[in-house]
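Open your viewer and keep the selection tool at hand. We will go from stop to stop.

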Amino acid sequence: MKVRFYSAVLSLALIGTSVSVDATSKEDLLKEQQEVESRLKETERLQNQTSEKLILTKQERKEARAQLNEVNSRLDDLALKIADQQAAVAASKEQLRLTEAAISETLKELHQQEELLGSRLRAVQQKGDVKYIEVLLDAKDFGDLISRFSTVSEIIKQDDHVLQAYKGNVKQLSEQRSEQSLLLESMKREQRKLLVLQTRIIAESELKRKLVVQLNTKVKELQQEQFSKAEEAEILADQRRLIQNELIALQEAERKAKEEAKRKAEEAARAAEAKRQAEAAEAARAAEAKKKKSDAPSAEPIIPEVESPTATPEQPADAVTSRPFHLPVQGYVSSPFGPRNNPLTGKPEIHKGIDLVNAKGTPIHAAAGGIVLRAGSATGYGNVVMVTHLIDGQVYTTVYAHLDSISVSAGQTVMPGKTLGTLGTTGWSTGPHLHFELHKGEWAVGQPNAVDPAPYIF
């Protein structure tokens, strides 16, 4: 069966025996290299897309913030206008109060004028204007007549003045009330308009504020996505480096194999030539002996030909027995593989591993022998170690996450039970535990190869 590129890696690093260099292993290695290159290019393309989205979203957020500031500025200006309008309404109410007080005083005067004018009018109604004529006719002489006439005229003028003053006060009272009521009503209408406008601007401001909050969340998500893509690219770059190193090792093995084949061919050629020369010499000796026998009467013993021994082919190396997985740390399973609600967000998800709970600082061991693919921090995982294995011709990748410390490095060969680090609670974690994943194949974006580790370790 075909074995992916890790078979060459682990055959050299873990088994410690020579690798048979053939076209199939090299073909698989080159195919895997193309696949990793393709995934890396796709990740870089998505990373560039995310960067472009992030730039556009930041620009959109900047514009939304400017709009929010402009709306809040309008709201502040409107608040000042409303305050001024409220002050004007208060002043108008005070003016109305003063007008009402002045009107009250005017009413008192009107009541007095009404009483005086009423008395005069009642007298005129009862006696008519004859009394004025009687006053004039009772004059003793012309001078007295003129004097009486002036007096009567003055009385009439005063009566007319009282009447006109009454009418003027009544008109002034009506106009003052009307003007003051109109002014106050106008101010109240303007105040209501300002309050309605304020309500609308507050609603607009709230919409802009919510938009800014949404854009802030989107920026954070894109930044997290960009960071995750960068980490994915790093892992794929590590895999590409691993393949390139193995291609170099494979090429070196091919070169050595060719040199060994050439050496063996030369040795075989030399052996064949020696054999041919030995056979030729033996044939010459036999011919000479035959000739002597034919010439001499006495018989000589015939020397039988002895076949030279042939080399036996080398026995093939024994197949390497598979290495079973072992429990990386003792502890109880707090969250098995499969569907669950995320303990941090509460949202449903597929848990791609199992969580083993133990005390912080407990040593974490390699579940099987392999090569460290990654040793460092990663989003969500916190401090994480990824190890690639070859078990019975099948490639596996194990993941050890949320570590408190790491004691291995990328590219390092580890044997089963090797200490990789210590248990912790780094990354997206709610308490000390080991998040352990098992991938049937290489680690890939989205964890499509993840399988339940429980049947392999328990």
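Start by selecting Pro339: its bridge partner in strand S3 is Ile350. Before moving on, note that this is a predicted model, where local features need pLDDT of at least 70 and side-chain atom pairs count only at pLDDT 80 or more, while totals for chains, interfaces and linings use all residues. Residues are numbered from 1 along each chain as its sequence is written, and side-chain values use heavy atoms, with hydrogens and water left out.

**Stop one: the hairpin**

Select residues 338-341, strand S2, and residues 348-351, strand S3. They pair in the antiparallel sense, over 4 bridges. Two strands pair if DSSP finds at least two bridges between them. The names come from DSSP runs numbered from the N terminus: helices are H or I with at least four residues, strands are E with at least two. Now select Gly346. In this hairpin, with 6 residues between the strands, Gly346 takes a positive phi near 80 degrees.

**Stop two: Ser335**

Select residues 332-335. This is strand S1, and Ser335 lies in it. Is Ser335 buried or exposed? Ser335 counts as buried, because its relative accessibility is 9%. (Buried means under 20% relative accessible area, exposed over 50%, partly exposed in between, with a 1.4 Å probe and protein chains only.)

Show the side chain of His351. The Ser335 side chain makes a polar contact with that of His351, at 3.3 Å. A polar contact is a pair of N or O atoms within 3.5 Å; within protein, one must be able to donate a hydrogen and the other to accept it, and residues adjacent in sequence count only if both atoms are side-chain atoms.

Leaving aside neighbours within four places in sequence, Ser335 is in contact (heavy atoms within 4.5 Å) with Arg340, His351, Gly353, Ile354 and Asp355.

**Stop three: the rings**

The structure holds 4 aromatic pairs. Select Phe325 and Tyr396. Their ring centres are 5.2 Å apart and their planes at 85 degrees, so the pair is edge-to-face. Rings of Phe, Tyr and Trp (its six-membered ring) pair if their centres lie within 6.5 Å; planes under 30 degrees apart count as stacked, over 60 as edge-to-face and the rest as tilted.

Phe325 sits in the loop between helix H4 (142-295) and S1, and Tyr396 in strand S8 (residues 394-406), 71 residues apart. Tyr396 is buried, at 9% relative accessible area. Tyr456 is partly exposed, at 30%. Ring pairs link Phe325, Tyr396 and Tyr456 into a cluster.
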